[in-house]
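Please take a moment to look over the sequence and the model before reading on. The paragraphs below are meant to be read with both in view.

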Amino acid sequence: MNYFKVSKATDLTGKDKKIYRFLEILPGALAWGTIIGLIIFSYFEPVGSAFFIILFNIYWLILVLFLGTHLLISFRLMRKYMKIDWKLRCEALEVKNIVVPHSGETRSVSWRDFYHIIIIPNYRESLTVLRSTLNGLVNSDYPHDRLIVVLATEGREGEEGKQRSQIITKEYAHLFGRFLVTVHPDDIVGELKGKGANQAWAAAELKHLIIDKENFDYDLLLVSVFDADTIIYPGYFYCLMYHFLTVENPYRASFQPVPVYHNNLWEAPFFARVAAFSNTFWQMMQQLRPEKLATYSSHSMTWRALVDIGFWSTNMVSEDSRIFWHCFCYYKGDYRVEPLYFPVSMDICMDKGIIKTSSNLYRQQRRWGWGVENIPYLLFNTFKQWKTLPKEAKKRYINHIIVQLYGFHSWATNALITSVLGWLPLLLGGDRFNSTVLSNNLPTVTKFFMTLAMVGMVISAIISVLILPQDHKGGIKKYVIMLVQWLFLPVVIIVFGAIPGLEAQTRLMLGKYMGFWVTPKHRE
């Protein structure tokens, strides 16, 4: 049994199925256990619950200050990275001696030896979106003859998709070293209709039609998987190459840039901007803690690693992060994410009208929250591999398990505790609690700590302005709008954060598995 390809409990049988099903229930049970436990505790032990709320508020304040500091540091690093001439740095590098784990040999290479594969999975994306993504590659200062571009389309798009691919091929194929359009069939048994299956098909087609046919060296290929709306800035591939050639053991690493949502910044509603910026800031903060990083959205890795694991899983929703966990388990903990403090620009979730945008944003956040499916995967493979793991690898497994459990539990519960559940002792405690001195002080203490925690919102507001595209128009008015919108952060993190995150965990707990949902991209 290839446990690395497991996506859910129903892929297994017997005892393994029961174990995996228990692990699927665990995250949701912990989240709901916390929420229900606080409700019950607030009724029967309101004093103890009030003390817990106060301690949690203190923890929340410390966490906000800690993450705010990380955000400021990451912001400074990102600005620094954008000012660096990465091409000059690559050219200044001498030939590097790198150990290739697959063969064990030491190879002398330079950045000029490598080809970059860019896979762009898409489904019913407009020509406007695709052209902006490909124009970003064209405008890149990296040698175009070293770029192998794969436009991964879906067969279920029919004639419309075929015509769109023909237009793109005519306009862009001659601008790159290689250009391939793949059409993912719609009738493959056992596949989930989603990005992972499309990417896997595209990679297999690329391997057969170009890589193997033209005898490309697997160890001199880097793969960047870009969402259809990802626009790179000049210098991205040089930055990637410089890091690949200077970090330790680069063949056991993925490389993660920072997603910023600038493509349709001013067209999107304020609440969608706040949600998008919040995601950007979380990714920026995580960059400073690479031991906690997993791949997200657009990222880069080696072709060798993809071939080793058999490409992406074809029945996954959260394929962007699962590819990391697959490599991590396949290489028995000898795999990591290297942070690139370098941005790539993407679309904010937006549709025609506020109602559609709200619905789509919620569904997008719920799909991201479905990344909780990686927790049972990681726990299950840990159990299966434990006896064969080196001591240091065991520590990495345990660390990742704790980080993932804590992260998804916090996602679903923290905002609810601070904003809603914290008032339960006053509402449910009755005369037993409301007659105490603590009941009179609880609102004051809570308000005090929440006010102090507003420093995190202030930091976010300031940085959101500082990272705006320099060519934007609108003057001081748009700066003011960008600042004021952050007043809605408490509502946004509940409606488009905690609730969809909790729903995703509840669905997994109940075995109501989600399908893949493509975020519509609309630009005015």
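Predicted model: local features only at pLDDT ≥ 70, side-chain atom pairs only at ≥ 80, totals over all residues.

Residues are numbered from 1 along each chain as its sequence is written, and side-chain values use heavy atoms, with hydrogens and water left out.

A nonpolar core is here a set of buried Ala, Val, Leu, Ile, Met, Phe, Trp, Tyr and Cys residues joined through side-chain atoms within 4.5 Å, where buried means under 20% relative accessible area, exposed means over 50%, and partly exposed lies in between (1.4 Å probe, protein chains only). The largest such core has 62 residues, and those with the most contacts inside it are Phe-277, Phe-281 and Trp-486. At least two residues of this core come from each of α1 (14–44), α2 (46–83), β8 (253–260), α8 (270–287), α11 (354–369), α13 (391–419), α16 (437–466) and α18 (489–510); these labels follow DSSP runs numbered from the N terminus, with helices being H or I of at least four residues and strands being E of at least two. The largest share of the core, 12 residues, is supplied by α2. Apart from this core lies another, of 60 residues, which includes Tyr-115, Val-150, Ala-152 and Leu-389.

Phe-277 shows what surrounds one of the residues with the most contacts inside the largest core. When its neighbours within four places in sequence are left aside, Phe-277 is in contact (heavy atoms within 4.5 Å) with His-262, Leu-265, Ser-464, Ile-467, Leu-468, Met-482, Gln-485 and Trp-486. Ala-276 is in helix α8 and, at 10% relative accessibility, counts as buried. Its contacts, again leaving aside neighbours within four places in sequence, are with Tyr-261 and Ile-348, whereas Val-458, 182 residues away in sequence, is 16 Å away in space, C-alpha to C-alpha.

How do α2 and α8 meet, and at roughly what angle do their axes cross? Their axes come within 8 Å and cross at roughly 85 degrees, the axes being lines fitted to C-alpha atoms, for helices over the stretch in contact, with angles that run from 0 to 180 degrees between N-to-C directions. The two helices α2 and α8 are therefore roughly perpendicular to each other, a description that covers angles of 65 to 115 degrees, while those under 35 count as roughly parallel, those over 145 as roughly antiparallel and the rest as oblique. On the α2 side the contact is made by Leu-67, His-70, Leu-71, Ser-74, Phe-75 and Met-78, and on the α8 side by Phe-281, Trp-282, Met-284, Met-285 and Gln-287.

The 29 residues of α13 reach 42 Å from the first C-alpha to the last, close to the 42 Å expected at 1.5 Å a residue, where the expected span is 1.5 Å times one less than the number of residues. Even so, α13 has a kink of about 45 degrees centred on Ser-410, the bend at a residue being the angle between axes fitted to the seven residues ending there and the seven starting there. Helix α16, with 30 residues, should span 44 Å at 1.5 Å a residue, and its end C-alpha atoms are 45 Å apart, which agrees; α16 bends by about 25 degrees at Pro-443. Lys-447 is also found in α16 and is exposed, at 59% relative accessibility.

Most residues other than glycine have a negative phi. Asn-215, in the loop between α6 (195–211) and β6 (221–225), has a positive phi near 60 degrees and is exposed at 67% relative accessibility. Ser-297, in the loop between α8 and β9 (299–302), has a positive phi of about 50 degrees, but Ser-297 is buried, with a relative accessible area of 4%. Phe-311, in the loop between α9 (303–309) and α10 (319–330), is buried at 10%, and residues up to four places away in sequence aside, Phe-311 touches several others, including Lys-5, Ala-203, Trp-303 and His-326.
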